[in-house]
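Notebook open, model loaded. I wanted to look up a few spots and jot down what turned up.

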Amino acid sequence: MENSNTTPILGEIILYQPDDSIRLEVMVEDETVWLTQGQMGQLFDKDKRTVSEHIGNIFREGELDIISVVRKFRTTAPDGKSYNTNYYNLDVIISVGYRVKSLRGTAFRRWATQTLKQYILKGYIFNRRIEQVENFSIIAEKRLSETDKKIEFLTQYIESVLSDLNDINEDTRMQLEIICKELAELQTNKIWIDKPQNPMLN
């Protein structure tokens, strides 16, 4: 039985090389790691057929749900062609490691767990930054709207006063000077709101 779910975009690839005897390019996607059957064979120093048999038994015995732990990723083979390849997540890797009684499996589990913790933390920090930017944008838009309303009101007031220059007295002139000054400050504030500092750079 195969999982029909396909993902054309690969996750991030990181190198697992605890010593000179093994070197694996491990995919990190959806807060877990993924290996092919061939890579598990290298990890546990077993042939691909043995790994395949253990994986089949894991699913037949109901130890894991194939839908949630297997995914097809589009990969490029040495011949340059693209193929949909089955990848298995950390749950499957650990289960196979127990069945083949591999010490390498234990070391890989520890490495993978620590690596995933770091990736989850990075993702949390990034999401917090995005949330800060979104909140800042909402506040800036609100301030900009309030500033526009003030500018519109003061502009309309000045236009109404200037509509009849003969009625302008000294007090009115002073009020206009104050209003013009406030308008200038509002315009300055609007420019600042339009171009706020980016919280992602703080």
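I count a contact when heavy atoms lie within 4.5 Å. On that basis S102 touches F44 and G97, leaving out residues up to four places away in sequence. Housekeeping: this is a predicted model, where local features need pLDDT of at least 70, side-chain atom pairs count only at pLDDT 80 or more, and totals for chains, interfaces and linings use all residues. Numbering starts from 1 along each chain as its sequence is written, and side-chain values use heavy atoms, with hydrogens and water left out.

**S102.** I found S102 in the loop between α4 and α5 (103-162); helices here are DSSP runs of H or I with at least four residues, strands are runs of E with at least two, and both are numbered from the N terminus. Is S102 buried or exposed? S102 counts as buried because its relative accessibility is 14% (buried is under 20% relative accessible area, exposed over 50%, partly exposed in between, with a 1.4 Å probe and protein chains only). A polar atom of the S102 side chain sits 3.2 Å from the backbone nitrogen of R104.

**R71.** I moved on to R71 in strand β5. R71 has 15% relative accessibility, so R71 counts as buried too. Its side chain makes a polar contact with the side chain of D30 at 2.7 Å (an N or O pair within 3.5 Å, one able to donate a hydrogen and the other to accept it; residues adjacent in sequence count only if both atoms are side-chain atoms). R71 and Y88 are 17 residues apart in sequence, yet 6.6 Å apart C-alpha to C-alpha.

**Helix α2.** I checked α2 (residues 48-60) end to end: its 13 residues reach 18 Å from first C-alpha to last, close to the 18 Å expected at 1.5 Å a residue (that is 1.5 Å times one less than the number of residues). D47 caps the N-terminal end, with a side-chain oxygen 3.1 Å from the backbone nitrogen of R49. Just after α2, G62 takes a positive phi of about 75 degrees. Buried in α2 are V51, H54, I55, G56, I58 and F59. Their cover includes α1 (37-44), α3 (66-69), β5, β6 and α4 (90-99).

**Lining of the largest pocket.** Last, I went through the residues around it. Which strand gives the most to this lining? That is β3, with four residues; β3 (22-29), β5 (70-76) and β6 (82-89) each supply at least two.
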